[in-house]
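Hi,

Here is the structure I promised to pass on. Please open it and keep it beside you while you read my notes.

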Amino acid sequence: MPTINVDKYRLFEELGEQFTPDTFQQLCFEFGIELDKDTEEDETRPKDQAPELAIEIPANRYDMLCFEGIAMYLNIFRGKQTTPDFKLLDIPEDKMQKITVSPETEKVRPHVAGAILRNIKFTPERYESFIGLQDKLHQNLARQRTLVSIGTHDLDTVQGPFTYEALAPKDINFVPLNQTKKMNGQELMEFYESDKHLGRYLHIIRDKPVYPVIFDANKTVCSLPPIINSDHSKITLDTKNVFIEITATDQTKLDIVCNIMVAMFSKYCEEPFTIEPVKIVSEHNGTTRVTPSLHTRVMDVEVDYLNQCCGLQESPESLCKLLGKMAYTAVPDKEDAKLIKVSVPPTRADVLHACDVMEDVAIAYGYNNLPRTSPNQASTIGKPLMINKVSDIVRNECAMAGWIEVMPLILCSHEENFEWLNRVDDGQTAVKLANPKSVEYQVVRTSLLPGLLKTLRENKSVRLPLKITEVADIALKDETQERKARNERHFAAAFYGKTSGFEVVHGLLDRILSMLRVSFVTHEEDLHGKSIDYKVAENPSEEKGNGYFIKEIDEPTFFQGRAAAIYLRLGGETKRIGEFGVLHPTVLEKFDLRYPVSVLEVNLEVFL
């Protein structure tokens, strides 16, 4: 979760109360945030630095990523403040500031929004918080500026209307923020390549044929999103009117960021919580609109749903009062007594469903105050899935036999899963990643062997012999399933030593199947009633008794004459459930193993 550092004394002053460490810790707990650190008693804190509180914010509460958001919601929760009524200045559209969008922006960063904060009063603390909120939004919701980037400008240094264009890098010339030399787009990329802060954002547009750019009416560059603003329009403590432009690749995230930015700092405007809108003219795709929307969503929530989930018996009026503590505006439905109409403020983008409203009801009521109830008749007693129970039996037996359990990754390269095991991909077995991050994670494994062999490769310095096992899932394509794939629980083991260890792996197989109550089928089985001419060489698969048996196989994965398939016969049906043997030298070479390896792999789901 993101952590926000705020001035302790300033926050307490904003809350109108001096808290003790315990009382503020309790307040944070009740509201659903966490006090991570208080530097009041920290000996390493510089004497000229005010004590700070490090507060952990829920990952979905983007509206609390700044001092203003924390103070406002805590005051609303404590009943010290009502929910602000955010509003747009009533200006005719033909007199609004405009941002005209060029069709070329579709190639790089198609969406844009704007807003203006008039007659705002900055102090050093407010200015620092204003910049800090931008950084926090960039790192969290905006995913390192890949989805959204924010540009803030002193409106008095530029002149509208503005244009949002996309030009070739060499055609963009301006002085970047806090610099003195004019650069074009290409020079700017080279200049900031080694910059610790901005260098990590260059990849977003570096390889694009055109770069996005914001111009004012005089063709003065305001910003090169998502990299940097122009030094010409930078804001200072003396700035009175702030022009905010936000560009994005995601329309939803764009609206959320725009609403949060203006809502949190409009309180410092001459007319608090009032924002001047900006008209976005985008005729090429028919998305001309006015931003920010500051739209308040109204949800119909069932009273019984809120009460039953929280174990309460509150009236609609009481529930509305509780929701008021969480910055909602809620009233009972005049037409249906079982519903309440909940108005969600524009800053609460985390509220998507009635369950989110229910959670806030529980927070407002107090989790420690919720009634304790016994499980109803619909509740069940938890127990392990049968496949997990079987898996635990196998794990325990392997551990008692001296084998070490390992847990490799479930993703591997295509080569490791097929070519390195001398197996052929038929195109109908492996689940492949559409856009793998690297060649090491291309497919979901169809066998546990690659992970075991890679584990042996990375532990060659360990004293031999090495005996490792794994009980885990593989994934297989399955067109009969809705998701077109299924998991299958397998057990695998690998013996790595100066001798092949074939008999050791065979012994482990016998032990595991014995503990699963599966007997070994011998040629002498069920001799009662047979003729004196009964042949020991008879095929055990033709016998009627249940159990398992092995047959020699010749597969390229294994050394010739040193491998066997494992068959299980249940209810007269015989099925191959696995195989074991000594790996072929070419397999060992590909996995960089110097000594023989014997492996075993069995499908456990057949024992359910």
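Predicted model: local features only at pLDDT ≥ 70, side-chain atom pairs only at ≥ 80, totals over all residues.

S26 covers residues 547-552 and S27 covers residues 558-570. The two run antiparallel, joined by 6 bridges. Look for Tyr-548: it stands opposite Leu-568 in S27.

S27 has a second pairing, with strand S28 (residues 573-583). That pairing is also antiparallel, over 9 bridges. Here Ile-566 has Gly-578 of S28 as its bridge partner. S27 and S28 form a hairpin too, with 2 residues between the strands. Which residue in that hairpin takes a positive phi? Gly-571 does, near 60 degrees.

Next, the open sheet. Three strands make it up, in the order S17-S19-S18, with antiparallel pairing. S17 (297-302) and S18 (329-332) stand at the edges. Each has a single partner strand, so one side of each has no neighbour in the sheet. From one strand to the next, the twist averages 25 degrees. S17 and S19 (residues 339-344) are joined by 6 bridges. Glu-302 of this pair stands opposite Leu-339 in S19.

Two helices go with this sheet. Helix H7 (residues 303-310) packs on it and touches S17 and S19. The direction of H7 makes about 65 degrees with that of S17. Helix H8 (residues 316-324) lies across S18 and S19. H8 runs at about 175 degrees to S18.

H7 has another partner. Helix H9 (residues 354-365) packs against H7 at an angle of about 55 degrees, with the axes 10 Å apart. The two helices are therefore oblique to each other. H7 passes H9 in a right-handed crossing. On the H7 side, the contact is made by Tyr-305, Leu-306, Cys-309 and Cys-310. On the H9 side, the residues include Ala-354, Val-357 and Val-361.

Now go to the start of the chain. Strand S1 (residues 3-7) has alternating side chains. Ile-4 and Val-6 point to one face and are buried. S1 runs antiparallel to strand S3 (residues 52-56), and 5 bridges join them. Ala-54 in S3 is the bridge partner of Asn-5.

What about the cores? The largest nonpolar core has 86 residues. Leu-11, Phe-24 and Ile-55 have the most contacts inside it. Its largest share, 10 residues, comes from helix H6 (residues 251-265). Which residues does Ile-55 touch, leaving out those up to four places away in sequence? Among them are Ile-4 and Val-6, along with Leu-11, Phe-24, Ile-33 and Ile-70. Another core, of 30 residues, lies apart from the largest one. It includes Leu-466, Leu-476, Phe-591 and Val-597.

Last, helix H12 (residues 449-458). Why is H12 described as largely enclosed by the rest of the structure? Because 8 of its 10 residues are buried. They are Leu-449, Pro-450, Gly-451, Leu-452, Leu-453, Lys-454, Thr-455 and Leu-456. Note that Lys-454 is on that list.

Best wishes

Terms used
Residues numbered from 1 in each chain as written. Heavy atoms only, no water. Buried < 20%, exposed > 50% of the residue type's maximum accessible area, 1.4 Å probe, protein only. Helix = DSSP H or I, 4+ residues; strand = E, 2+ residues; numbered from the N terminus. Pairing = 2+ DSSP bridges. Axes fitted to C-alpha atoms, helices over the stretch in contact; angles between N-to-C directions. Contact = heavy atoms within 4.5 Å. Core = buried A, V, L, I, M, F, W, Y, C linked by side-chain atoms within 4.5 Å. Parallel < 35°, antiparallel > 145°, perpendicular 65-115°, else oblique. Left-handed = near helix turned anticlockwise from the far one by under 90°.
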